[in-house]
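Please look through the sequence and the structure shown here before reading on. The paragraphs below are meant to be followed with both in view.

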Amino acid sequence: MDELNAGQWKQELSELFYADERIRWAPIRHHSPACSLYLIELLNTFEPEQVLIEAPANYLQHVDDIASAHTKPPIAIYQQGSFFPLAENSPEYQAIKWAKQTGAEISFIDLPHSQHASGEACWDESWLNSSSYSQQLQQRYQCRDADELWCRLFEQKEFTSADAFFFQVLLFCAASRACFSQAQLVRQGDELREDHMRAHISAAHKKGCKILVLTGGFHTPALFAFDDHRQLNQTPDEPSYLVRYSEPQLDALLGYRAGMPYPGYTKEWFLMRQSKVAHFDLVLTMLERCAPDFMSVADKIKAAEHLQGLLQLRGMNQPSYYDLSDSVASCWLQGEKTTSWFTQLQLEWRGRALGELPEGSVELPLIANVRALAKQHRLSLQYSEAKKARFDVFEPSGSTRNRRQFLFSCCMLGIPFCTRLVGPSFSHGADLSRQHEVWEYQWSPHVEVTLLELSELSDRLDEVVKKTLLMQLPDLDFEGRIEWIANAIQCGLDGLVADNLSACCQALELQTDLKVLISAMIHMLSLAKHPLFAREHDLLRELIEKMWQQLCGQLMQLNALQTREALDILMSLQGLCVTYQLAPDWKVQLQRIVSKQSHKTWLYYTISALMASSSEDIDALGHELTLLYSRDPQVAFDALRAIASLLPHWLDQQPVILTLLNGWLELISDEQFNLILPSLRKMFCRLDSQEIDRIAQRVQGINQWDERLAWQPIGISQDSIDRAAYLQQEMIINLKQQGLSEWLSD
Amino acid sequence: MVRPLRQRAEQKFADELALLKEQDSASKPQGWQLSPRAVKAFILGEPELGVDKKYYGEAALVERAIVSLMSNQGLMLVGPPGTAKSMLSELLACAISGTSELLVQGTAGTSEEQLKYTWNFAQLLSNGPSLEALVKSPIYHAMEQGKVARIEELTRCPQEIQDALISILSEKQLTVPELGVSIQAQPGFNLIGTANLADKGVNEMSSALKRRFNFETVPVLQDPLQERRLIQSQVSTQLAQQSVSVAIADELVALLVQVFNDLRRKGQSNLQSLEAVLSTAEAVNIVHACALQSHFLQQPLSGAHIAQQMHGSVIKDNVEDMAKLASYLDIIVRERAREQAHWRDFFEAGKVLWMS
């Protein structure tokens, strides 16, 4: 710490630090075990009558619950999208516990949360860590990052007293702070906050009692200049909530910028040091905890010796996670197996503990209700790690149905508890033959926070779902209402759907967009045909029939649409009717269209092709096209192209179509051919290689060419062809696995 | 006295080693010439003592390696080619034992005799087995003298040959059955192995042998600034030894480091990584060759030299790499060439070499 011995400056800080016997300063880094340990020592020796803590004043209401014996960190105070977390090794947590045990007064001296300019970022330690002073020290001490530097300077060393420790922290923080300009501090909102803190210190000082000021070390240098005449403003009453928190959320490596790396390890380190575990025992215990099963006693001894040597070389007393990680990696990492184990070890060090709150103290009824439901549905809430739930959706039992409804309800409400990983897509009608559905779920403080916000609606999840859906309904358009029906059914609220079906039907009657109607139809049919919603089948059927009627009534619009759009709609409808066995009625509807109106030529022939059910029909159509071709080849080609787009296999199966196409292509110029080439390519792309091969043979026959038609691309290497064959094989396997074998046959 | 073409580390840094030994008051492991802290200072530099930094990678790796060598375990340095594994092992050996000459080069043809001992067959035939007829391997010498021996490219040796080291590392003794004697290693003895991850073999070490080594992976330098400094310093030293004086523009070194970094990033960009080794050692060779070309052919150094030397010393005749470089030039370098002269020279020269 030679850099800190900057003579005059150090002397000045020392004088300010020790200026008043009735005040002790505890500049800290949030969640630092060393800060917590020396703070406990300072509290026990100094015995302050009032403890001032850097936390928003409106959080004071939670101190009883925080200090309760039934509370287990990590916990956090939540307000307006930001968390103020407290771990076992947080100095603030230890100070609150100590004050409650001894009867000392606690004051939270920071600005109320709503007045913070930077939200949660105000507790950010990155300013401290990223200062040029810190960077210079990192280079000097050959540390890999700012956290290793902090460990070397403060966590791994023994200090003669708590005051000596905190004075060194102060020097470090003051030097780091000096790297930032006043303008930067103002921008960050620190100046306002520090002004508020000084007012609190001033108020406490006036009382004449012994006070301890516990703040982030970055602020302490600015607090010495408190003024006894400063007035303290009234604290507004803002709602905040005490919630459970998880260790992974405290991890600096996962983006929590006020945290330290590996919170699980950090907590253990703190607890062991607090229990005065001997140094070597500490090393052994830590190694024992992280040693995998396949490590022998000799391996553990080897690593312990290595760690001792490393600490000696680095001049440290206590091992940090950097040292332990170094020794474990050196001694035990010898291949892929151990590498994956090391990754697991780092997850262990990250920790997975979830905090506990005293029973009945703050847990809102909705949180309790959701937890009870989760337990009832056998969904584990013990750990904060993600788990998976798998359902057989084709033979759903009552409990499976309920579990799924619960998970879907959470998902629909935006509770970050679960996500569906795999399963049928009802909105697109895809993957409907999938046997299983897989959900991933994870209890976390974010779940509790979302529930806190939803608590305004009700204390019960089913009521919240119902109210949310009812609130949504009035503002929804037709597509939104279809989505709404699907959501309500998946939440198990078929009664709600029944009650509001007429409103949905009214919206349906106003809907004229064919694409929207088709999409809604697919969505509802997917649900109605699925075993998971067998109970809701009758309810949905009524709606589907109305939708079909509405859809059929709008089919006349096809004439007004662009060719591509009309073909897409016809293709979707054709697919819908094949998949859901609506073909008989579909043919009736097509007949109705053909007979009622005059049509664009291509549309007439396309609909005729869709209606053709026998070879006689197809021959008759071929004859008509031939006649048309003799009159107007361009129009005939347009019709032919439309038919081939919709029914590409006719090119292979109906010789008359191919003959017409061939004849027409003979007539056109090279320029015209180049123009239509992309659409021809698109047409043939929908055929498989066997079909193209057969077509090639027919074309050879029709034109009486001597040489076989080389349709396969030239210049593609055998490797590429083999690769393509392999990919096709892989695709076939995948399609079969997904129950889509029918895609392969036709 | 004529200076050898390449000095060993203990010759090159004799003054620094002497200084450190003189200043070293910390306790030393038995058989070590310097304390672990002094070894660390020798490798990572100690500005107050005027000791230069020699290894530019992570300090923690060096510390772990030193501690490993204090234990009963051997030290195995693995990593991509050209990441200074051999240099690090040489520095460690010379700082710990005062010599780095106890070296075995592992190859597919390495025999057990090269690891243990062999015989002077003339003496063996005339006098029969005797200590005089015994030809000791560097490892035999290291055991006798309590020093660190090095085995380069250990995993290139056949596995049954590698396994000859198991008893040496675990029992710390070597038996000569022909003489009925067994020599015991003196304190200070240890082994440093190196292995190239690009070579087949690292995973083929037997578990028994792996257990007797602590493994350290020596990574490619991640910090471009560090890499630039290292290249400048290495090339300057080499040129000074050859009494050649050429000023190397930092922009040119930066260009090469940027090219190497772009082409090293496997899976991180649309670029395809090269088959060729793009280590710092290769970068040093390229810049050194450029400097010599500039000096002896009286040409000002430019980006074109970098491309030409890169072609000769790294890409060689690899057609696939040339195609990847053509794509790199087209996608990335073309843009940079619009604004910077060095990049423009590199682009023009590269176009001739890889795009034509």
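This is a predicted model: local features need pLDDT of at least 70, side-chain atom pairs count only at pLDDT 80 or more; totals for chains, interfaces and linings use all residues.

Strand S10 of chain A, residues 436-441, pairs with strand S8 of chain A, residues 387-392. The two run antiparallel and are joined by six bridges. Within this pairing, A:Lys388 has A:Glu440 as its bridge partner. S10(A) also runs antiparallel to strand S9 of chain A, residues 418-422, with four bridges between them. Here A:Tyr441 is the bridge partner of A:Cys418.

Side chains of opposite charge can pair when their charged atoms come close. Over all chains, the structure holds 50 salt bridges. One of them is formed by B:Glu63 and A:Arg152, at 4.0 Å from N to O. This pair joins two chains, because B:Glu63 sits in helix H4 of chain B (residues 59-70) and A:Arg152 in helix H7 of chain A (residues 146-155). B:Glu63 is buried, at 0% relative accessible area, and A:Arg152 is buried as well, at 5%. Both residues belong to a network of salt bridges whose members include A:Asp323, B:Lys40 and B:Glu216.

Other salt bridges lie within one chain. In chain A, the closest N and O atoms of A:Arg177 and A:Glu194 are 2.8 Å apart. A:Arg177 is in helix H8 and A:Glu194 in helix H10, 17 residues apart, and both are buried.

In chain B, B:Glu16 and B:Lys54 form a salt bridge with closest N and O atoms 2.4 Å apart. B:Glu16 lies in helix H2 and B:Lys54 in the loop between helices H3 and H4, so the pair ties together parts 38 residues apart in sequence. B:Glu16 counts as buried at 11% relative accessibility, and B:Lys54 does at 6%.

Notes
Residues are numbered from 1 along each chain as its sequence is written. Chains are lettered from A and ligands numbered from 1 in the order in which they are written. Side-chain values use heavy atoms; hydrogens and water are left out. Two strands pair if DSSP finds at least two bridges between them. A salt bridge is a side-chain nitrogen of Lys or Arg within 4 Å of a carboxyl oxygen of Asp or Glu. Buried means under 20% relative accessible area, exposed over 50%, partly exposed in between (1.4 Å probe, protein chains only).
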